[in-house]
Amino acid sequence: MATNAMYLSVINRPLVANPNSLRVRSFTVRCSTGSVSTGASVSAPWKLADARLVLEDGSVWKAKSFGASGTQVGEVVFNTSLTGYQEILTDPSYAGQFVLMTNPHIGNTGVNIDDEESIKCFLAGLIIRSLSISTSNYRCTESLSDYLLKRNIMGIYDVDTRAITRRLREDGSLIGVLSTEESKTDEELLEMSRTWDIVGVDLISNVSCKQPYEWVEKTGSEWDFNSNRRHEETFHVVAYDFGIKHNILRRLASYGCKITVVPSTWPAAETLKMKPDGVLFSNGPGDPSAVPYAVETVKEIIGKVPIFGICMGHQLLGQALGGKTYKMKFGHHGGNHPVRNLRNGSVEISAQNHNYAVDPESLPSGVEVTHVNLNDGSCAGLAFPQRKLMSLQYHPEASPGPHDSDLVFDHFVELMRKEKQRS
Ligand SMILES: NC(=O)CC[C@H](N)C(=O)O
């Protein structure tokens, strides 16, 4: 208990104008040539602050850099997951965003070759309190720092992530600029943050695949907790890649689907020509109202085959049905969001990552809100049985996150089975 209290008081330390000047004065380095007190002019054996995060509200946060160096702009969001930083780093839905992890200790399990959710890191950068000095995991193949460096992604640590999170909760998501370049002034970085925006920008085109491909990999048997729910039949699913996470594909494959992944611009007519049993509209980054071409595609497919939308896919479905999306104050990012299934009253703890939501008031009659987020009452799921569609605002595939919602993939398979029997 005493240890916890001490720790909290350390991470709650108020920002000082120049934390390094205080910190170096209070330390003495013992080296072979004797004892020297450190100062800005003496090279210290520990890393000094060498990065700045400048937020659009004018605040400047000194930090230490790891991974790539340079200058990068993005929207800062906080993620409350305790684990799964590698899946978060490779979730394409974070394109254009800095992810601040509220869990203070990151990097302790390193990274491994199996936990990738896409082919690269699309996010703008990683913001953490404390970078683990060692890695300990039997699956680890690389340290987090080396991994980010190779992928040219900036990271900062030793920054007061709790204070930044509280600011984001009060003011909403903020644009920030992260820089290791001393030649750039705070004012220049502030100007960059104030002239950049994420709203109204199509971020999907940069993260989607360029050509269709088949996906066959299932969840590894040691990780598959619902392996008893297997089907004799195989269903062909066309999955629109708006930034699709691999675990969505693995879960669909594990539930017996044969999957063709297609780019975000793939024409609806080509999809329908393939005569799929179902279509999945995936998760993806950015503003759902900035991709009208994708909404048109969804509109052309609605009602023709069973549809499942996840996150961005859910938001596009909402728009295609005539509804509107809006930007939330700071969104939902984490593995601990309670959601109520309004059909059966059950509560799922879910993995979430979104800054936008569908306004249920804007939806036409016949569309059913099936799930609500219990933290703020926002719409978390839709269904329109006459038009054979269902969608979730959150991530049933988890990765990272709890598996409470996994059976929704089974419900999608059932939707396809019923349709197949009917036709
Ligand atoms: N995970 C996602 O698909 C994110 C959806 C959308 N980009 C949002 O931020 O709301």
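Visitor: Let's start at one residue: in β14, which residue is the bridge partner of W215?

Guide: That's I259. Keep in mind that this is a predicted model. The general idea is that strands of a sheet pair through backbone hydrogen bonds, either parallel or antiparallel. Here, β12 and β14 (residues 257-263) run antiparallel, with 3 bridges joining them.

Visitor: What is the order of the strands in the sheet?

Guide: Reading across, you get β12-β14-β13-β15-β16-β21-β20-β19-β17-β18. That makes 10 strands in an open sheet, and the pairing is mixed.

Visitor: Which strands stand at the edges?

Guide: β12 (213-215) and β18 (347-359) do. Each has a single partner strand, so one side of each has no neighbour in the sheet.

Visitor: Now for β19. How many bridges does β19 make with β17, and in what sense do the two pair?

Guide: β17 (residues 324-341) and β19 (residues 368-373) share 3 bridges, in the antiparallel sense. To find the spot by eye, look for N341, which stands opposite H371 in β19.

Visitor: And how many bridges join β19 to β20?

Guide: There are 4, and these two strands also run antiparallel, with β20 covering residues 379-384.

Visitor: How many residues lie between β19 and β20 in their hairpin?

Guide: 5 residues. While you're at the turn, check G377: its phi is positive, about 75°.

Notes
Residues numbered from 1 in each chain as written. Predicted model: local features only at pLDDT ≥ 70, side-chain atom pairs only at ≥ 80, totals over all residues. Pairing = 2+ DSSP bridges.
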